[in-house]
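I opened my notebook to go through one protein model piece by piece. I wanted to write down what I looked up and what I found.

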Amino acid sequence: MSQRRPNLDLFIFVDALGWRIAEEHGFLNDLLPLRKKCDTVFGYSSTCDPTILTGLDPVEHGHFSCFIKAHEERPFANLASLGWLPEKVAGHHRLRGKLSQWLGNKLGYTGYFQLYSVPFQYLAHLDYTEKRDIYEPGGILGGQETIFEDWKRSDRSWMRSDWRRPDADNLAEVRAAVTEGEIELGYLFTSGLDALMHRVGTQSKKVGQWLEDFARQLTEIHDIASERYEQVHLHLFSDHGMTDTVNGSDMMKRWQKLGHRFGHDYVAVWDSTMVRFWFDGNTALETEARTWLDAQPEGNVISDEQLDEWGCLFPDRRYGDLFYVLEPGTLFTPSFMNQGWVTAMHGFDPAHEDSPGCWLSNSDTPEAAAVTRLQDIHSVMKAAAQNSAHPARSPVSVQADILTPCSQLLSPKQSA
């Protein structure tokens, strides 16, 4: 065997692996003994992922949600002609998937693009935010670089998974690169757990089976790497947690019955767990809508002060003039994202016990030890690119006394 390379830093992204879920399953306790709750940001993956890649708050990098009110650019104007289709046909996931793929290619979008279940008659009044691949140069709306620009400038060989490919392909690619000793930095992207829990919830046996299988594959990759590298630093993290849905809200239909005209009096986006309104200066309607929302029992209007605290108060109001978020475990049915029921969801109050992601590591470098929120992960990835030998710390060995019991780390349950 050829001489071993100095070290490997492998960053493993597991979409929706919440802190609660990781600890309940004892996920990779032995391999990754440094374990922390990682506070998320308000919103969905479209908010969280750019935050991880840049280390910045949403108001700085510019990403929050997929759909916004259209202004000069109206990319979906021609789709209004399909508004006559029956709701069940127009919103069917297969039709929407094929149409999204065709339209994304036609419009030249390189980022994640999906029309979801937005009614065709409303799409003419909406625009889309993630038109460019956020993992590639120029993809961040605020113009900032992602961590991969730092990796490109480093003297370390590296690889990054393709978010479009299945988890099995990405795992196989990382395994092959580690087996050959080809990389010193790696970013493994997986989304299968998120998709699974949306279908079956967090308590299904299938979730435990997925975690067991994934743990086995990561352990094998670690063992292979240990034979080819002097040091193997593994950092596993997620963007947010997942909450089982127990209540549905038909608020969208109730609002529509009030008779206000979409596209004329107002524009709104009904995400899975929140609704965002634009009123174009119609203060009377905004006041009426705020009063109406305050009277609805399923959630709460979000104040500007709260949005500012969460780093999501955009001065230009591009993501909405008025926000309303549902209580954890409640889902809009229907919404612009789904026509019917989804077994588990995220995008609630970041302070709720199910919302935080996790940070699991075998390395206690100063940067890794300081991770408490999504923004901090960027610093660990940046330090890995700058320090080819990591002289400060080595991967930690498994010691029972450094593990903090889950009961001491979970915050009390809070309402959204």
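These entries follow the sheet, then some helices, then a few single residues.

**Entry 1: the sheet.** I began by reminding myself that this is a predicted model. I then asked in what order the strands of the open sheet stand. I found 6 strands in the order β2-β16-β7-β1-β6-β5, with mixed pairing. Because β2 (34-38) and β5 (158-160) stand at the edges and each has a single partner strand, one side of each is left without a neighbour in the sheet. I also noted that the twist from one strand to the next averages 15°.

**Entry 2: the partners of β1.** I looked up how β1 pairs, and found that it runs parallel to β7 over 8 bridges and parallel to β6 over 6 bridges. For a residue on each side, I wrote down that N7 has Q231 in β7 as its bridge partner, while V14 has T190 in β6. I then checked how many residues of β1 are buried. The count is 8 of 10, so β1 is largely enclosed by the rest of the structure.

**Entry 3: the antiparallel pair.** I turned to β7 (residues 229-237) and β16 (residues 357-361), which pair in the antiparallel sense over 3 bridges. Here I saw that F237 stands opposite W359 in β16.

**Entry 4: α10 and α9.** I followed helix α10 (residues 205-228) and found that it lies across β1 (5-14), β6 (185-190) and β7, running at about 155° to β7. I then looked at how α10 packs with α9 (residues 192-200), and noted an angle of about 170° with the axes 10 Å apart. Since angles over 145 degrees count as roughly antiparallel, I described α9 and α10 in that way. Where they meet, G192, L193, L196, M197 and V200 come from α9, and K206, V207, W210 and L211 come from α10.

**Entry 5: helix α12.** I checked the length of α12 (residues 283-294) and found that, at 1.5 Å a residue, its 12 residues should span 16 Å, which agrees with end C-alpha atoms that are 16 Å apart. Which residues of α12 are buried? I listed L285, E286, A289, W292 and L293. They cover an arc of only 130° around the axis, which puts them on the same side of α12. On the face turned away from the buried side I found the exposed residues T283, A284, T291 and D294. I also looked for what covers the buried residues, and the cover includes α11 (251-256), β11 (274-278), β12 (299-302) and β13 (322-326).

**Entry 6: backbone details in loops.** I noted that the peptide bond from T333 to P334 is cis, with omega near 5°, and that P334 lies in the loop between β14 (330-332) and β15 (344-345). I next wrote down A16, a residue other than glycine with a positive phi, near 75°. A16 sits in the loop between β1 and α1 (19-24). Is A16 buried or exposed? Its relative accessible area is 0%, so A16 is buried. R317 also has a positive phi without being glycine, near 55°, and its place is in the loop between α13 (304-309) and β13. With 24% relative accessibility, R317 counts as partly exposed.

Note on methods:
Residues are numbered from 1 along each chain as its sequence is written. This is a predicted model: local features need pLDDT of at least 70, side-chain atom pairs count only at pLDDT 80 or more; totals for chains, interfaces and linings use all residues. Side-chain values use heavy atoms; hydrogens and water are left out. Two strands pair if DSSP finds at least two bridges between them. Helices (H or I, at least four residues) and strands (E, at least two) are DSSP runs, numbered from the N terminus. Axes are lines fitted to C-alpha atoms, for helices over the stretch in contact, and angles run from 0 to 180 degrees between N-to-C directions. Contact means heavy atoms within 4.5 Å. The expected span of a helix is 1.5 Å times one less than its number of residues. Buried means under 20% relative accessible area, exposed over 50%, partly exposed in between (1.4 Å probe, protein chains only). The arc is that of the directions from the helix axis to the C-beta atoms. Angles under 35 degrees count as roughly parallel, over 145 as roughly antiparallel, 65 to 115 as roughly perpendicular and the rest as oblique.
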